[in-house]
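Q: Could you take a close look at one part of this model with me? I'd like to go slowly through a single piece and then see what else turns up.

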Amino acid sequence: MLVAVGCSTTKRLAEGELLYTGVRHIDIRSMTQEAPLHEVEAAVRAPLGVKPSGSFMGTNIRLPFGLWAYNAFYTERRTGLRARMFRTFATTPVTVSDVQPELRTKLVRDILDNHGFFASEANFKIDTARRGRKARISYEVRTAAPWYYSSVEFPPVADPVTRAIDSLRAGTLIRVGDRYNIDSLSDERVRITNALRNDSYYYFRPDYLHYLADTIRRRFDVDMRMTMVGGIPAAALRPYRIGNVNIQIYNLDDSGPMMMGTLPDSTLFWYQTPLRVRPKILQRAITISPGEAARVDDIDRTLDNLTRLGIFRYVNMTVTPLDLIREDAETLDMTLSMAMDLPMDAQFEADISHKSSNFTGPSSAFSVRHKNFLGGGEVLSVRLNVGYEWQTGQHAAAGTGQQINSYELGLGASLTFPRLVAPHFIRRNRFDTRTSFQMGADLLNRPRFFRMLSASGAVSYNFQTSPASFHDLTLFRLTYNRMLSTTPEFDALLDARRALRQSFSDQFIPAASYTYTWTRRTGRAGRDRFVWQVSPTTAGNIFAGIYELFGVQGEKRLFGLRFAQFAKLTSEVRYFKRLGSSTLAMRLGAGAAVPYGNSGQFDLPINEQFAIGGANSIRAWPIRTLGPGSFRPAADEPYGYLYQTGDFRLEANIEWRFPLFSGLFGAVFFDVGNIWLLGDDSERPGGQLRGHTFLRAAAVGTGVGLRYDLSFFVIRVDYGIGLHAPYDTGESGYFNALRARDARTLHLAVGYPF
């Protein structure tokens with residue numbers, strides 16, 4: 001049937017129609033030298049970039065199979081094989097009249113007007129193919145000189161409302177010298193309205209503020225005046241207090257009659273029996289009370305607090321509408337209604353993976369969660385995970401054809417409270433707070449190596465003290481690692497490498513850690529973003545101090561096993577600078593870990609050591625193939641990657657991300673960094689951090705990548721190219737990695753590297 005229609009993509013077009021095959025080009029230029037085109041280029045291109053039928057990943061590259069199917073199987077019937085084939089495979093052709101270029105150029109002119117580029121021009125040209133009935137569209141945009149605010153006036157003070165507006169003048173978003181922008185005008189109305197509503201003017205709306213702009217006095221100057229519109233309802237200009245607060249709690253299963261209850265502060269509420277939430281929890285979450293000022297922030301905080309508990313299917317707040325409010329009313333009655341969600345849920349996950357080491361196998365996890373375990377939003381979660389891998393064929397590490405099977409079993413449980421408990425170092429917090437108690441155990445089997453049991457328990461707090469400050473405090477974490485069995489081959493490997501042997505020894509790791517994250521929007525309109533994160537970790541100090549207090553010297557043990565003692569500090573700065581439709585992303589990170597006291601010089605637990613390379617680090621090298629320093633394991637050493645770790649790390653990355661076409665972004669990146677040892681290890685020569693070798697011991701790489709944004713996650717492909725390797729590659733000069741095979745790496749990953 002496809003052959004019968006000659007693979008035509010225009011066969012069924014109406015008379016006079018042209019098949020739209022994409023944009024030929026969009027030419028955006030300024031009529032003057034001063035126009036900041038990069039600030040509006042993305043807004044201008046958005047309505048013009050219509051994709052043609054059969055577009056490949058949002059580009060102008062067309063895969064016309066859907067159009068062929070449209071012509072081959074077109075039918076007006078709704079049943080039958082032909083109709084089913086049409087619904088499944090056909091793509092409706094997009095014509096030039098569907099695109100409506102006249103309307104789009106008018107929209108572009110409106111956009112430029114809204115950004116202060118008055119009297120700009122936008123035109124289009126339809127480029128028809130020599131043969132057939134296909135056409136592309138070319139757009140030409142010429143931006144005029146921008147207009148700026150020469151004066152800004154607020155409403156004159158005449159009543160309490162205008163006095164409150166005048167008091168907000170200092171934080172205005174419209175300032176003399178700024179370019180005219182309708183978005184800023186709208187944001188300013190919203191800012192003032194939010195402030196008034198939080199000052200108990202509950203019914204005030206942005207529509208009650210109006211702008212008068214005078215552009216006649218001087219060319220390119222805008223005199224802006226804010227005014228109050230006429231006919232504002234009197235109720236909207238009056239402050240209110242909270243009247244009655246009616247609280248209603250329902251059950252989804254409609255299990256019983258409604259009863260009256262009392263909160264600890266004597267507030268009455270109605271609930272459907274049985275009551276499945278503790279009244280004290282409700283009192284803590286509800287931040288509105290009769291007689292207080294009716295502030296929107298307090299109402300929103302109440303809704304947020306109740307929603308964050310995670311135990312309600314819905315939470316609604318209703319207030320008397322403006323058109324029904326009495327003229328003499330001074331209070332607002334509020335009704336807070338919510339329905340209890342089902343308390344239990346279960347989740348099953350399964351996946352299969354294949355690794356470059358020829359390990360293949362499935363894994364799965366099953367978890368059960370109770371979202372209201374103690375009647376206060378406490379979440380009890382139990383998770384069981386199972387993984388199995390096998391390796392066949394030539395074993396690269398051992399040089400045998402023997403099959404190797406590996407498995408992992410894990411069982412874990414956690415109890416999370418939607419508040420800070422024991423100790424109450426923050427009594428009241430408007431932001432999200434969590435306390436978690438965790439415990440779990442994993443059995444790891446690595447044939448021809450070892451079987452290891454790892455168990456851990458932790459108490460952690462997550463809280464926020466401001467819109468920019470986030471805290472993650474693990475007050476105590478105890479990890480227990482024990483080798484159940486080892487093979488002679490693995491024992492020989494540990495005997496040959498002192499640091500590796502100490503890392504895999506049986507031990508307790510009693511640790512405490514804290515992570516502080518500070519994030520802030522910067523630049524015009526908050527387009528840029530700055531993130532700083534710092535994380536100190538200590539282990540063994542409390543136990544060591546107790547032993548010292550009782551006069552115990554030398555090596556100290558807990559339940560017969562040595563415990564680790566170390567200090568670790570990591571810090572990272574990330575900055576994202578918007579450049580029109582592109583982003584310049586930068587990262588600088590450093591970290592150091594020092595074992596001491598009850599731990600020897602190289603006795604740092606292996607999961608606390610630093611490794612570098614891979615898809616999120618120095619992308620010219622695979623993970624754990626760099627460092628420490630200029631050290632490189634011998635080519636015939638099969639397990640060299642196990643001790644390519646260090647206790648000092650320094651890394652810097654810069655990446656330019658730019659759009660290619662719909663959903664697809666390109667990237668050019670530059671990475672530099674390495675890991676080092678703070679002490680001299682004769683088994684890893686060249687690994688110690690030294691000032692005179694520091695620069696040559698830092699690996700340098702560059703590369704290009706693609707990112708496909710699917711909204712809910714990003715698929716990323718990066719190809720890294722080494723410029724300088726810290727080890728000897730046989731090449732002279734600084735750029736010694738350009739010909740090294742091990743400095744060419746292709747990464748497939750999910751998400752951005754930072």
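Which residues of α9 are buried?

A: Bear in mind that this is a predicted model. The buried residues of α9 are Val 296, Asp 298, Ile 299, Arg 301, Thr 302, Leu 303, Asn 305 and Leu 306. As for what sits over them, the cover includes the helices α7 (182-197) and α8 (279-285), along with the strands β10 (312-319) and β11 (331-340). The helix itself runs over residues 296-308, which makes 13 residues. From first C-alpha to last, α9 reaches 18 Å, close to the 18 Å expected at 1.5 Å a residue. After α9 comes Gly 310, and its phi is positive, near 75°.

Now for the aromatic rings. Searching the whole structure turns up 26 aromatic pairs. Take Phe 543 and Phe 563: their ring centres are 5.9 Å apart with 50° between the planes, a tilted pair. This pair links distant parts of the chain, 20 residues apart: Phe 543 belongs to helix α12 (residues 541-549), while Phe 563 is in the loop between β22 (561-562) and β23 (566-579). Phe 563 has 0% relative accessibility, so it counts as buried.

Phe 631 and Tyr 643 make another pair, with centres 6.1 Å apart and planes at 45°, so this one is tilted too. Both residues lie in the loop between β24 (582-595) and β25 (648-661), so the pair ties together parts that are 12 residues apart in sequence. Phe 631 is buried, with a relative accessible area of 6%, and Tyr 643 also counts as buried, at 3% relative accessibility. Elsewhere, ring pairs join Phe 118, Trp 147, Tyr 149, Tyr 180 and Phe 220 into a cluster.

Strands β4 (148-153) and β6 (221-228) each supply at least two of the lining residues, and β6 gives the most, with 3 residues.

Technical notes
Residues numbered from 1 in each chain as written. Predicted model: local features only at pLDDT ≥ 70, side-chain atom pairs only at ≥ 80, totals over all residues. Heavy atoms only, no water. Helix = DSSP H or I, 4+ residues; strand = E, 2+ residues; numbered from the N terminus. Expected span 1.5 Å × (residues − 1). Buried < 20%, exposed > 50% of the residue type's maximum accessible area, 1.4 Å probe, protein only. Contact = heavy atoms within 4.5 Å. Phe/Tyr/Trp six-rings, centres within 6.5 Å; stacked < 30°, edge-to-face > 60°.
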